[in-house]
Amino acid sequence: MQTHAIPDRVALVPGNGGLPKIVVTTKTSTAEIYLQGAHITAFQKNGEPPLLFMSRKSYFATGKAIRGGVPICFPWFGPREGLAAHGYARVSNWELAAANAAPDGTVTLRLRLPEIPANAAWKNLHAEFIVTISDTLTMELTATNDSAATLEFEDCLHTYLHVGDISAVTITGLQAAPFLDTAADAGGARKVENDPVLHIAKETNRIYPGSTGAVEIHDATLKRVIRVEKSGSASTVVWNPWITQKLPDDFDPAEHQHMVCVESGNVKQDRKTLHPGATATLKVVLASRAPEHCHR
């Protein structure tokens, strides 16, 4: 089988649970991507802590979603009666269609979601995922409607970010933004973020509709700022489960201290309408830098 391996850059190897994964090494960083779900489970710049959070209790088994990293939610977001939560893309086996290493060391992978017989209703909605690894992590999820009818779908890159201590984290870029508060104690209330920064000190589950700007996560413990820049995305989701009674089995409650999800996509009222023959691309770039005061 063609694995698109590139010596010293791209290798396809057995991962946890025997699931195949792609290991990428560049001049500035490393990354790991599982073919199940086209799921990025690791990205780390040389000399820095990991950028992505992975649950130590995550399943690595055929047909089970991986907990952490960057799950792809597609073609729906959230639960759906009788169907996989967040869509079938994150539990389906994708194909590595191409790999390229540029002279500057940047590696680009193109993954394709094959047609899945069990999802005949979506057979004309095709998806590709392009991942570019350098000193930043760039992700592009492209959907194409090959049917003669208009299709509606949701997409989201459900990014889990690794932080040193959630109590020392502030999030900027969401001031004055209205949001739907779906935490257990909020009942889906519609609110507005008035504070200049968001502090997380309890269960947080917010959907910000009409949110197209960049968001930054300021981590005082790890002394870095993670920037989430996006295009083709009208929704931002911020999630930390804290210690709730409804945590899934593959998430250790103590690990809420070291993660926050800042997700980019088009969900709920921002879902996408795709006309026949049209394509739509959701693009997210993750970058990290030292806080400004470190340069003084």
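This tour moves through a predicted model, from a sheet to a nonpolar core and then to selected salt bridges.

**The sheet**

Begin by displaying the strands in the order E6-E7-E8-E9-E23-E19-E18-E13-E16, which together form an open sheet of nine strands with antiparallel pairing. The edges are strand E6 (95-101) and strand E16 (198-199), each of which pairs on one side only.

Next, select E6 together with strand E7 (residues 107-113); six bridges join the two in the antiparallel sense. Within this pair, alanine 98 faces arginine 110 of E7.

**The nonpolar core**

Now show the side chains of Trp94, Leu109, Leu111, Phe129, Ile171 and Ile217. These residues have the most contacts inside the largest nonpolar core, which comprises 59 residues. Strand E8 (residues 125-133) is the greatest contributor to this core, supplying five residues.

Centre the view on phenylalanine 129. Leaving aside residues up to four places away in sequence, its contacts include Ala38, Ile40, Ile72, Trp94, Leu109, Leu111, Met139, Leu141 and Leu157. Arg110 and Glu140 are also among the residues that phenylalanine 129 touches.

The model contains 16 salt bridges. For one of them, select arginine 56 and aspartate 252, whose side chains meet at 2.9 Å, N to O. The two residues are 196 residues apart: arginine 56 sits in the loop between strand E4 (39-45) and strand E5 (72-73), and aspartate 252 in the loop between strand E20 (235-240) and strand E21 (259-266).

Turn to glutamate 216, which is buried at 11% relative accessibility. Its side chain forms a salt bridge with that of arginine 227 (2.8 Å, N to O). Glutamate 216 belongs to strand E18 (residues 215-219) and arginine 227 to strand E19 (residues 224-231), so the bridge ties together parts 11 residues apart in sequence. Arginine 227 is partly exposed, with a relative accessible area of 29%.

Arginine 289 is partly exposed, at 28% relative accessible area.

Finally, select Glu216, Arg227, Glu229, Arg289 and Glu292 together: salt bridges with shared partners join them into one network.

Conventions: Residues numbered from 1 in each chain as written. Predicted model: local features only at pLDDT ≥ 70, side-chain atom pairs only at ≥ 80, totals over all residues. Heavy atoms only, no water. Pairing = 2+ DSSP bridges. Helix = DSSP H or I, 4+ residues; strand = E, 2+ residues; numbered from the N terminus. Core = buried A, V, L, I, M, F, W, Y, C linked by side-chain atoms within 4.5 Å. Buried < 20%, exposed > 50% of the residue type's maximum accessible area, 1.4 Å probe, protein only. Contact = heavy atoms within 4.5 Å. Salt bridge = Lys/Arg side-chain N within 4 Å of Asp/Glu carboxyl O.
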